[in-house]
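Please read the following explanation with the sequence and the coordinates side by side, taking each region in turn.

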Amino acid sequence: MNCAEVTYSFHYLGYNHNQVDYEDEGVSGDGSPSVIPTLQELQSSLATSDVFTRKSLTRTVVETFRTLYALALQSPEKDDNNHEPDLREVFAMLPIIQNLAEDSEYLVRYCMVEQMPHLSMFFSESKEYLGHLTQKFILPLLVSTLNDTNSQVRKTCHAALLVLVEQNLVEISDIDKLVCPAIFNVIQVASAEDQRAEAVTLLCRISPLLGRDITLRHFLEEYICLCNDASMQIRKICASSFGEMCSVVGGDVVEKELLLHLQRMCSDDLWGVRKACAEVFTVVASCVSMQTKWYTLSPLFVTLLRDESRWVRLAAYQNLGQFIATFHEENEKGSEMSNDESSGLLDETPDIAKQTEPAVPDLVSELVDQETTRPNEEETEDVGHPANNHQQRSDLDESVKNEILSEDLQRPPKPPPSPWSGAVLPTELTELLSGLQVEEQKEVSPTKYMFVEELSNGQLIWREPIAELEVEKELERVYKKLGEGSLVEGTIPGCDNDLFHHTNLTPLSTSPLPPQPPYTPKSQQSVCQNVIPQDLLDHYLWMVDPSHSESGDTEMARYCAFTLPAVALTLGKDHWDYLKELFKILEGDMQWKVRKTLASSLHELGALLGDEVVNSQLVQSFVWFFKDLDEVRIGALQHLMEFFKLLNPERRKYVLPKLREFLRLDNERNWRFRLELVEQLIAIIGYCDQNDISDHIYPLILSLLKDKVWTVRFSAVTALSSILKATHPELRTITLMDIKTEIAISQKWYLRQSYPKICEEILNSDSIGLEQFCEYAMHPALRLRWDRVPNVRIALAHLVTSKFMNNPYFSSPINQHYIELQETISLLKADEDRDVRYYFNRNDPDENAKEIFDSSKEGMNSD
């Protein structure tokens, strides 16, 4: 295998092999050396002071290695004792590689490290004599490069290590002994924060490749320490990779050791850390038990939904539907669909997230250039360790206050009271509440400010937040201890209920002014659900609130529409009333992207909710989308057959007349829309009776047969054959007569050109009998021999030579059109157009060659 053919995934760390400059001498444009130097030439060029010469040597190393190894295997000189090839020149390459990898110029080191996976692959191919070099030479060289002074070299080294592990080019035990200690050493010893951050990134990405045992033995303890590191950059990296780490270590370790640190990071002072936590909740939820989702992750996720940062809230709402879908795993009341199908509903969510995620500034660049930070954000947050939160800081600048004030004014009001409010609690909690004394105020962090509304005059005032009460900490401890303890609505005996409502306590919640979901469907008054936590459902229903558009979160409704099938699957058909009003709001959303997303998922909702909901509710929405913008209608059209088969016969008859709406386009040049319509019509023919096909499907196909684009007409020809197969002989006769009138004798030549193709497709598909074809279709086709357009006669020549002349039924004298067929053949053979005559002379190469010669001679004479 040529080394240049081997592709490695350097994209892990954002590097592309195509970024390397290939303008050096001796290197071709595709990166492969034009001339492979000898060992002596390499050794002499290594001492040159020209950086680009040394850089070009790195591109020739692999091929030189291959050449020397091949010559060594072919050499007749063998060692008398071992009868093995002489590999001294091959091993003499190793010092050259090491010198290039330790070159004083970082570009040379970068290019050499980039070649390491290619070398390792070559060693793996030649493992009989060179297989040990990856362990003894390549791996130690890469480990030493982990401490390189240049960031580009280090990142390339990290990518090379990941490739070696991915491709199984190195033993896991070698990674355990050599690489892991080196990574830990960089994290603990390196003074540069960016170098530590790169090492942490490598640690988090290599853990899933090494497996659970090594991760638990080496990485878990270090990872937990890094989750509480003083560097905001490292905490954010740990938060971003939290889901991957949970997937590796398993649910038991997650619940016992990792969830506590997730809670801490969800309350981190840096909004970027909290945002990263919101993005990994779905993966974390898939690793833990249902009880943990209900009583730990759900309240924790609610705090992120109510976070003071707009970007954290947006990320949380973006992942809310996916998080709700994880509650389907043990839901016995929901749909009968499997878990695999449930997860399949969300496979494309990352793509939408990439397209619509706000351009939040990267934390690394945030440290370098403060001008790249996004306005109206937590610019006053402490970037240090959470333990230093109580350090005093100077008063906020007046402009920053105004920015925070403007963001807070756009924030929706408080959410509904917690389900713990107004409840009769168990005896243990009652005794605790009655015995606690609330402290007036504790020391608070001066970096966080909030607004409160005075009921007397309704004015907003500026003040520092009230300190966290001791009773909240004690309640949190009791809530965790109670677990699934039942609560009965009512009052709390033995304690001050006014105090309880005044504090507005919520389990695991620290958000002082969370946004309130004001949208609550009326159907909730009559339907009770215990499939998912009600707080999550309330916030999900709030995603369609108009206030999001006012605050700039226009993509919120799109995320809601995208995850609606998964949420509906989780709730089950019995609780569709919770989502019915939300569905109506999404259906009438002002953004076409929201309506397109909903239109594209109606067939999924129909499969989940059953016949009654589909035929009574969803079909109206489906038909409504037929009149929308082209961008929305294509979503419904692409799944027409999948939705159509869910309908009962009565509702199908209701939908069929509406299909003519698809012929009206905003942009007539959008021929792919019409092509999709033809393909969907072919698919639904099997679900229609003959009268429906004749009344509704056939007129659409006839119109598409006259389309200006050949691809659409060609596809419509296939649809016409399917229609002829599905209808009775009388309707076939009517159809053939219409085709003759509309196509065969049309004034437009491109339609007449289509008629021979229609005849050919009918004969290929055997959609009608030969007698009926001769009676109604053969004569209109043969009449085209007199057509003045050569393209039409060419199409007829192809039909005659491929179907009529080779079929005994048509070429027999018994056929009523035999004489006309012979006249057509004679006339086409003598046609003035050479391309028409070609079809009759293609079996005679000499005749064709003669025609080509004569035509070229005529062209020369005319010149």
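The model is predicted, and the protein chain averages a pLDDT of 74, with 69% of the residues scoring at least 70. Over residues 481-515 the pLDDT falls below 50, although this stretch still has 93 contacts in the model beyond near neighbours in sequence. A pLDDT below 50 is also found over residues 518-527, for which the model shows 21 contacts of that kind. Where pLDDT is low, the predicted coordinates should not be read in detail, and the contact counts of residues 481-515 and of residues 518-527 are given here with that caution.

Helix H30, which spans residues 556-571, has a kink of about 50° at Leu 564, and this kink lies shortly before the proline Pro 565. The helix is mostly covered, in that 16 of its 16 residues are buried. After H30 comes Gly 572, whose phi is positive, near 90°.

Turning to the aromatic side chains, one finds a count of 24 aromatic pairs in the model. Phe 622 and Phe 626 make up an aromatic pair with 5.2 Å from centre to centre and 70° between the planes, an arrangement classed as edge-to-face because the angle is over 60 degrees. Why do Phe 622 and Phe 626 both count as buried? The limit for that term is a relative accessible area under 20%, and Phe 622 has 2%, while Phe 626 has 0%. Elsewhere, Phe 281, Trp 294, Phe 301, Phe 323 and Phe 327 form one aromatic cluster.

Is Arg 752 buried or exposed? Arg 752 is buried, because its relative accessible area is 7%, which is under the 20% limit. The side chain of Arg 752 is joined to that of Asp 787 by a polar contact of 2.5 Å. When neighbours within four places in sequence are left aside, the residues in contact with Arg 752 include Ile 743, Ala 744, Ser 746 and Gln 747, as well as Leu 784, Asp 787, Arg 788, Val 789 and Val 792.

Terms used
Residues are numbered from 1 along each chain as its sequence is written. This is a predicted model: local features need pLDDT of at least 70, side-chain atom pairs count only at pLDDT 80 or more; totals for chains, interfaces and linings use all residues. Side-chain values use heavy atoms; hydrogens and water are left out. Buried means under 20% relative accessible area, exposed over 50%, partly exposed in between (1.4 Å probe, protein chains only). A polar contact is a pair of N or O atoms within 3.5 Å; within protein, one must be able to donate a hydrogen and the other to accept it, and residues adjacent in sequence count only if both atoms are side-chain atoms. Contact means heavy atoms within 4.5 Å. Rings of Phe, Tyr and Trp (its six-membered ring) pair if their centres lie within 6.5 Å; planes under 30 degrees apart count as stacked, over 60 as edge-to-face and the rest as tilted. pLDDT is the predictor's confidence in each residue, from 0 to 100. The bend at a residue is the angle between axes fitted to the seven residues ending there and the seven starting there. Helices (H or I, at least four residues) and strands (E, at least two) are DSSP runs, numbered from the N terminus.
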